Amino acid sequence: MNKLLKLISAGFFPERCPYCDKTIAAGKIACDICEAQFPETYSSNYAKGGYPCCSPFFYQGIFKEAVKRFKFNNMPQNAEKLATVLSLCVKKSYDIKSIDIITFVPMFPAKEAVRGYNQSRLLAIELSKILGIPCENIIEKIKDNFPQHECTSQAQRRDNVKGVYKAADTENIKGKKVLIIDDILTTGYTLGECCKVIAKKTKAEVLCATICAKNDIYT
């Protein structure tokens, strides 16, 4: 039934490639030209603090454009296709049977209201559907800091996220394995801080996954 509804919907609202925005057939994750550029191997990195992070793409070319389009061009509908690719990366990188909860890097409420959605939350929700792992909001952003991309040094990025997040649900995640979703791994400070507030309070094991990782995150 869901497939039929998608086909009918595609007749009125054609699906588009998240990477180039060209019209594609219903159910495809990308156009043939863009899909041919998908790397054969996944990126394996660490958020600050040594928390593992996997990503299907580097933040460059069509993959950079896909994240920017999804994040800033009011295209929340791209979450499903991006999460499908992310799910393959997660299944290849981790033992998904051991993951208890999927969560996401939160936005400050006022900024989320302006954008209309949190792209990381949408990715986490779609990933939850694909993997059959519950998605829960277990991190809160309690301070409105500067966007990380406006920081000009590693020290500024580190200090900009200190005290910004807190664990919102400590009882439910004690001793669990948690997968945190974000859109990009840049220097790893944001994800690292989120991982730390969960692990410190609950002793949970924390993993991460993002759509893209910058290929110079350690420089």
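1. Which residue lies over the face of Y189? K48 does, at 5.1 Å from the ring centre. The model discussed here is a predicted one, and the remaining points take its overall make-up first and then its local features.

2. Overall make-up. The chain has 219 residues, and 47% of them are buried. Its secondary structure comes to 8 helices and 8 strands. Of the contacts with a separation of 6 or more, 73% are between residues 24 or more positions apart. The accessible surface of the chain is about 11,300 Å², and carbon and sulfur atoms hold 53% of that area.

3. The β1–β2 hairpin. β1 (43-47) and β2 (residues 51-55) run antiparallel and are joined by 5 bridges. S43 has S55 as its bridge partner in β2. The two strands form a hairpin with 3 residues between them, and in the turn G49 has a positive phi of about 105 degrees.

4. Aromatic pairs. A search of the whole structure returns 7 aromatic pairs. One of them is Y19 with F38, which counts as edge-to-face because the ring planes stand at 70 degrees, with the centres 5.3 Å apart. This pair links distant parts of the chain, 19 residues apart: Y19 is in the loop between α1 (2-12) and α2, and F38 is in the loop between α2 and β1. Y19 is buried, at a relative accessible area of 2%. F38 is buried as well, at 18%, a value that falls under the 20% limit for that class.

5. The second pair of Y19. Y19 and F63 also form an edge-to-face aromatic pair, with 5.9 Å from centre to centre and 80 degrees between the planes. Because Y19 lies in the loop between α1 and α2 and F63 in helix α3, this pair ties together parts 44 residues apart in sequence. Both of these residues, Y19 and F63, are buried. Taken together, ring pairs link Y19, F38, F57 and F63 into a cluster.

6. Surroundings of P39. P39 is in the loop between α2 (32-35) and β1 (43-47). Leaving aside residues up to four places away in sequence, P39 touches P56, F57 and F63; F57 and F63 also belong to the ring cluster. The C-alpha atoms of P39 and F58 are 9.0 Å apart, with 19 residues of separation in sequence. P39 is partly exposed, with a relative accessible area of 34%.

7. G61 in α3. G61 is in helix α3 (residues 61-72). With a relative accessible area of 53%, G61 is exposed. The C-alpha atoms of G61 and Q37 are 9.7 Å apart, and the two residues are 24 apart along the chain.

8. Cysteines. How many disulfides does the structure hold? There are 0 disulfides. For C54, the closest cysteine sulfur is that of C89, and at 3.5 Å this is too far for a bond, because a disulfide needs the two sulfur atoms within 2.5 Å. C195 is likewise in no disulfide, with the nearest cysteine sulfur, in C208, 3.3 Å away. C54 counts as buried, at 3% relative accessibility. C195 also counts as buried, at 0%.

9. Most residues other than glycine have a negative phi. D21 is not a glycine, yet has a positive phi of about 70 degrees. D21 is in the loop between α1 and α2 and is partly exposed, with a relative accessible area of 25%. N74, also not a glycine, has a positive phi of about 55 degrees. N74 is placed in the loop between α3 and α4 (79-93). At 54% relative accessibility, N74 counts as exposed, since the limit for that class is over 50%.

Methods: Residues numbered from 1 in each chain as written. Predicted model: local features only at pLDDT ≥ 70, side-chain atom pairs only at ≥ 80, totals over all residues. Heavy atoms only, no water. Helix = DSSP H or I, 4+ residues; strand = E, 2+ residues; numbered from the N terminus. Buried < 20%, exposed > 50% of the residue type's maximum accessible area, 1.4 Å probe, protein only. Contact = heavy atoms within 4.5 Å. Areas by Shrake-Rupley, 256 points an atom, 1.4 Å probe, with all protein chains shown as cover. Pairing = 2+ DSSP bridges. Phe/Tyr/Trp six-rings, centres within 6.5 Å; stacked < 30°, edge-to-face > 60°. Lys NZ or Arg CZ within 6 Å of the ring centre and 35° of its normal.
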